[in-house]
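Dear colleague,

Please find below the structure I promised to pass on to you. My notes on its cavities and aromatic contacts follow it.

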Amino acid sequence: MYEKATRLFGDDPQVIHLEVGRPDFDTPDPIKAATIAALEAGKVHYGEFAGESDLRQAIVDDVRVRNGIDLTLRNVIVTNGLTHAAFAVTLAAIDPGDEVIILEPYYPQIINKIELAGGVVVSVPLNADNGFAIDAERIERAVTPRTRMIYLVNPNNPTGRVYSRQELQALADVAIRHDLLVCSDEVYERIVFDDAEHISIAALPGMAERTFTLFAFTKAYAMDGWRIGYLIADARFIPALLKITANDVSHVNVFIQAGAVAALRGDQSIARSMVEEDRRRRDMVCQRLNAMPGVVCPVPPGTIYVYPDIKGTGYSSQELADLLLQETQVAVESGAFYGPAGEGYLRLCIGCEPYARIAEAMDRIAAFIDHIRQPRSAEA
Ligand SMILES: Cc1ncc(COP(=O)(O)O)c(C=O)c1O
C-alpha cells in the first residue's frame, strides 16, 4: 500500500500514512549521545562477532529480569535488527523440505526467509471469532513428520494480540510433544498497554532449549533506521547461527552498540512515555472506528496496530483500503495482506503519524464511511 500511495500521490503531505509499521518518534537523546561519544572515543574498528560483550551483558541482565529467561553471554548474538536475526535462525535451523508452521494472520516477511532456506510454509488460520487466539488443537493437526518449527509473533503484528500464559503453554505443550523448535518474534515486547503482560514462551518450563527468541531496539526505542536487534538461543545453536551472521555482516557497527547499551541501561522513562502516547492514540482510534457504521475494532493490548473488522461495510479488505486511499488519501493496509484469515479486516498503524494527523485520518475515514449511504450487506 505504501508503494501504491507513493505511485498515486508521490510525497504529497496530504497523504496520511497509517500503513507503514514504524514509530514516528525520534530516537531518545541519551541513546544518540552515547553513540556519538563512542564514535569520538574511537570505537570505529572491528568488534566481536556475537556483539560487544558490554552490550551482551546488558542484554543478559535485562532478559533475565524482564523476560524470565535464564541465560549467559553465550546465548546472545547481536544482529542487524530483528530481520537479520530471523534470517539467521531460518537459515541455521531449517533444512530443505522442513515444514514451518506460521499462524495466520501472519507477518509476511517471514515467508521469504523460510523459502530461502528451502523450507515449506504451513499456514494455520486462526479464528477471528475469538480474536485470533492461539488454537493449539488446530496447530497440532497441522504437525507432520516434516514439521521442524513453529513461528510465533508475540505481541502480534497485525492483530495486536498479546498471548496469555495459557495460550503459550498450550503451544509449548505441542512443541514439546512433537519435539519442535519455536521461533518467537518479540519485537513489540515493550509495547503493551494497561495491565497487559508480555510473556516470553522461552520462559516456560522446557522451552528455553528449543526456542529462538528474537528482539530488537527498533520499535520501543524508535531505532528502526539504526538496524540493531538480538537473538537468544540455546548454546548448542550458537555456532551455526554465528556461521551465518559472521559471514554475511561480520557484526553490527560497534558505535551503534554503545547506543544500544545506553538504551537498555539508561532511564526507561522516555521509552515509557512513547508507549503512553501510543496508548493515547490507540484509545482515540478504537473509539473513533467503533463509532463508524459497519466497523468493529477490538482494543488491542499491545503493538502499534489496530485490526478492525470491516465486514459490515460490505467491502472486501483490499477494496476498502484502495477506496480509502483514492477518496480520502489515508493509506491503510488490507487485512488480507496477512493471509486469507485476515479478509474482512484492515490494519492501521497508530505509531507512525502524530496524534493530530491520526485524528485527521479518522475524520476523513468517518466522513467516507458516512458517505457510503447504505452499508452493502456482506453477501452483496
Ligand atoms: C513482527 C515484526 N517483526 C520484525 C519486524 C522488523 O524488525 P526490524 O526492523 O528490527 O528488522 C517488524 C517491523 O515492522 C515486525 O512488525
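What volume does the second largest cavity have? In this model, which is predicted, the second largest cavity has a volume of about 60 Å³. Its lining consists of Pro23, Phe25, Ile191, Lys219, Ala220, Ala271, Met274, Val275, Asp278 and Ile304. Of these residues, 8 are nonpolar and 2 are charged, while none is polar. Both domain 1 (2-18 + 269-371) and domain 2 (29-265) contribute to the lining of this second largest cavity, each with at least three residues.

Around the largest cavity lie Ile102, Leu103, Pro105, Tyr106, Tyr107, Ile110, Tyr151, Leu152, Val153, Asn156 and Tyr163. Its lining is made up of 10 nonpolar residues and 1 polar residue, with no charged ones. Two strands, β3 (99-104) and β5 (147-153), each provide at least two of the lining residues; β5 gives the most, with 3 residues.

I turn next to the aromatic side chains.

The count of aromatic pairs comes to 10. In one of them, the ring centres of Phe132 and Tyr307 are 5.9 Å apart and the ring planes meet at 65°; the pair is edge-to-face because planes over 60 degrees apart are classed in that way.

Since Tyr345 lies in the loop between β11 (333-334) and β12 (346-349), and Phe132 in the loop between β4 and α6, the pair ties together parts that are 213 residues apart in sequence. Both Phe132 and Tyr345 are buried. Phe132, Tyr307 and Tyr345 belong to one aromatic cluster that Phe337 and Tyr338 complete.

Finally, a contact between a charge and a ring may be noted: the charged end of Arg280 sits over the ring of Tyr355, at 4.0 Å from the ring centre.

With kind regards

Notes:
Residues numbered from 1 in each chain as written. Predicted model: local features only at pLDDT ≥ 70, side-chain atom pairs only at ≥ 80, totals over all residues. Heavy atoms only, no water. 1 Å grid on protein atoms, 1.4 Å probe; cavity = no way out; pocket = protein on both sides within 12 Å on 5 of 7 lines; lining within 4 Å. Helix = DSSP H or I, 4+ residues; strand = E, 2+ residues; numbered from the N terminus. Nonpolar A, V, L, I, M, F, W, Y, C, P; charged D, E, K, R; others polar. Points joined across faces, edges and corners; volume = space filled by probe spheres on them. Domains from an automatic or database assignment. Phe/Tyr/Trp six-rings, centres within 6.5 Å; stacked < 30°, edge-to-face > 60°. Buried < 20%, exposed > 50% of the residue type's maximum accessible area, 1.4 Å probe, protein only. Lys NZ or Arg CZ within 6 Å of the ring centre and 35° of its normal.
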